[in-house]
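Here is a short briefing on one protein model. Look over the sequence and the structure before reading on.

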Amino acid sequence: MFNQQNLFAHVFNFTPVGIALISLEQQWIDVNPAACQILGIEREALMKKNHPKEIIFSAEEDNQIRQLLAGETLTFSFERKYMHNNEEVIWTSIHVSLVREGTEGEPWYYIAQIVDITSSKLNEQKLLESVERYTSLKKYNHDTIISFDLQGNIMGGNVMAEKLTGRVVAELIGTSIASVIGEHNLARILADNEPYSEIEGAIDHVSHIDGYLVEVLVTIAPIIVNNQSIGFYLLIKDITEQKKLLIEKETAVRTNEVKSEFMAMMSHEIRTPMNGVIGMADLLLDTSLDEEQTEYVSIIRKSGDTLLAIINDILDFSKVESGNTELAEEPFKISEAIAETFDTLMPKALEKNLALNVSMSHEIPPTVIGDPVKIRQILMNLIGNAIKFTPEGSIAVSVDRSRVEGDKVRLHFTVKDTGIGIPEDKLPYLFEPFYQADHFMVRQAGGTGLGLAITRKLVQLMEGEVYCEANPGGGAIFHFHVLLRAEKALPLMDAECKEEKVPESVNKLNILIAEDNDVNRLVLFRMVEKFGFRPDAVSNGIEVLDKVRSNNYDIIFMDIQMPLMNGLEATKILRQSLRPEELPYIVAVTANALVGDRERYLDTGMHEYISKPLQNSAVQSIIQRCLDRKQADSIPST
């Protein structure tokens, strides 16, 4: 049988909506289980410790409560945020009404209905954040964003759309997107029967109102609302500038490739004759010479070494510019570096009857650790320039210790001449690459203008600085300082005291030389002969294969660039046709000495690599290595 009181009790206890009964004095009368669960407070604690004004009402609702008591309104609602006892934020919607005696009788108490709206509130916040992100994306994106519906009519766009098309967004809305991407592309998008990526690739330009085409990259994204597509976004990137930069980059890359190819070719063409000069000087030094002849040939040999070092840096000038040049670390004497430079340049100085003077502070360490080749190159450039631009008088070189920095010492060099001097307004440009190509001095003495540019790079590598001092009185004064490590415990051994270990000729080695250049073939032939071996010699890869078929060779010195068949092709065929134990020790001999050449030749199957100009020590090291291996193989295993 229907009982209103039982119905009220059932709804009160089991409804998911929180219900609180509050007296007119704003005291708790009762709360249902749902209210306690929503608020996260036990019923007893809520009834005893918490006041309705702390939980339900606040000063903000005082005016609405007065209207409710006066009968001006029947109910009011508001939202309130709580901190649940599990430290989660709870959002609620509270609806307050007033229970009266009869319809318009005396008020009895308030009923507050509490609904948990946390989930919808979070969804609302997410939606708001999504809208704000989309708005910001449209407003601040550097790319064009245009939306259009399933009929192809434009629904909206951002500021960049106006820049891309030349039309304001208000004019674009309602018009067909075909005016931007073309009728054919629009039809493909609306047909929805092929991947968007294929259509994106076909849209490579859009039309501007002024009649020109803008190169673009396009992304197509469907607009999904309630799991249904209502249109599309077009994200359009103007790549005009990027295309220009890409072309410039490709041009720069190709220029670098051409430069590298030129460097490799020049490296080979210059180092090949240098091999003959230095190799023959080496061989000449091993013959019977009187004291004067030995001195002259030694100067030729040292000049060749210095010239080769300079050529290497000029050929790889890009490496110097990028700061990738590596410095050697070996002991040497500053006095010897200067003396060797003087030896090389003395003939030119004597032609002009110039005096070369040097002074060194007693504080200079007897031996330093650094790169003697680079030091000589710097001195060669500066002293060579001084001789070039000094018609008469002298060149003075002085070296002093400026300061000690930990285990290193900073040395200050000065090169002063009595020559034509340098105008003060030209000083800031002296160390720029190729500056002399349009400089007053080139008309008098010639030159490429690279020497001082390379000098500056080398000095900077040694943590130093080079500059030219203004000298109104005439002549030029160049200064540079470098940081070197002092070495007192390891004096430098004189070259004359070094003894080469010459392998005993009784340990026979069969050696083949493959070299098409007559001079270089003779140089290498004589070097091998000096070590007690009689090699065979051929001039191309086909002859190498013929020789190997009829002879068992221990070493093949293989030139890379030969006619008919080059060294790489010959090596490949040998590796394919011979068993590993029959394969000779193949040494790449080449004028290519750029970064990565050694690794490239070893990767093709060669065992070792030596570069031209050939050094006695390099050839001897190869022969000794093969002798040691042969002797080790001949020892019977126990």
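Which residue of β10 is the bridge partner of Phe148? Phe232 takes that place. The model is predicted.

- Strand β6 spans residues 144-149, and six of its six residues are buried, so the rest of the structure largely encloses it.
- In a regular strand, side chains alternate between the two faces of the sheet.
- Both faces of β6 are covered. Thr144, Ile146 and Phe148 are buried on one side, and Ile145, Ser147 and Asp149 are buried on the other.
- β6 runs antiparallel to strand β10 (residues 228-238), with six bridges joining the two.
- β6 also runs antiparallel to strand β7 (residues 154-157), here with three bridges.
- Phe148 faces a partner in each neighbour: Phe232 in β10 and Ile154 in β7.
- β6 and β7 make a hairpin with four residues between them. Gly152, in the turn, has a positive phi of about 90°.

**The annotated aspartate**
- An unreviewed UniProt entry places the feature "modified residue: 4-aspartylphosphate" at Asp559.
- Asp559 sits in strand β20 (residues 555-559).
- Is Asp559 buried or exposed? Asp559 has a relative accessible area of 2%, so it counts as buried.
- Leaving aside residues up to four places away in sequence, Asp559 touches Ala514, Glu515, Asp516, Gly567, Val589, Thr590 and Lys612.

**Helix α12**
- Thr272 lies in helix α12 and is buried, at 13% relative accessible area.
- Beyond residues up to four places away in sequence, Thr272 touches Asn517, Asn520 and Ala591.
- The C-alpha atoms of Thr272 and Thr590 are 8.4 Å apart, although 318 residues separate them along the chain. Thr590 is also one of the contacts of Asp559.
- Met280 is partly exposed, with a relative accessible area of 32%.
- Met280, Val519 and Leu522 make a nonpolar surface patch of about 210 Å².

**Salt bridges**
- Side chains of opposite charge can pair when their charged atoms come close.
- Lys244 forms a salt bridge with Glu241, with the closest N and O atoms 3.6 Å apart. Both lie in α12, three residues apart, about one turn of the helix.
- Lys244 is partly exposed at 42%, and Glu241 is partly exposed at 47%.
- Glu329 and Arg485 meet in a salt bridge at 3.5 Å, N to O. Glu329 lies in the loop between α14 (317-321) and β11 (330-332) and Arg485 in strand β17 (residues 477-486), so the pair ties together parts 156 residues apart in sequence.
- Glu329 is exposed at 56% relative accessible area, whereas Arg485 is partly exposed at 31%.
- The side chains of Arg403 and Glu405 meet in a salt bridge at 2.9 Å, N to O. Salt bridges that share partners join Arg403, Glu405 and Arg410 into one network.
- Arg403 is partly exposed at 46%, and Glu405 is partly exposed at 28%.

**A buried loop residue**
- Leu430 is found in the loop between β15 (408-417) and α17 (442-445).
- Leu430 is buried, with a relative accessible area of 3%.
- The C-alpha atoms of Leu430 and Tyr467 are separated by 8.8 Å, with the two residues 37 apart along the chain.

Conventions:
Residues are numbered from 1 along each chain as its sequence is written. This is a predicted model: local features need pLDDT of at least 70, side-chain atom pairs count only at pLDDT 80 or more; totals for chains, interfaces and linings use all residues. Side-chain values use heavy atoms; hydrogens and water are left out. Patches are made of residues with over 30% relative accessible area and no salt bridge: like charges are joined within 9 Å, nonpolar side chains (Val, Leu, Ile, Met, Phe, Trp, Tyr) within 5 Å. Accessible areas come from the Shrake-Rupley method with a 1.4 Å probe; for residues, only the protein chains shown count as cover. A salt bridge is a side-chain nitrogen of Lys or Arg within 4 Å of a carboxyl oxygen of Asp or Glu. Buried means under 20% relative accessible area, exposed over 50%, partly exposed in between (1.4 Å probe, protein chains only). UniProt positions are given in the numbering used here, feature names are shortened, and annotations may be inferred rather than shown by experiment. Contact means heavy atoms within 4.5 Å. Two strands pair if DSSP finds at least two bridges between them.
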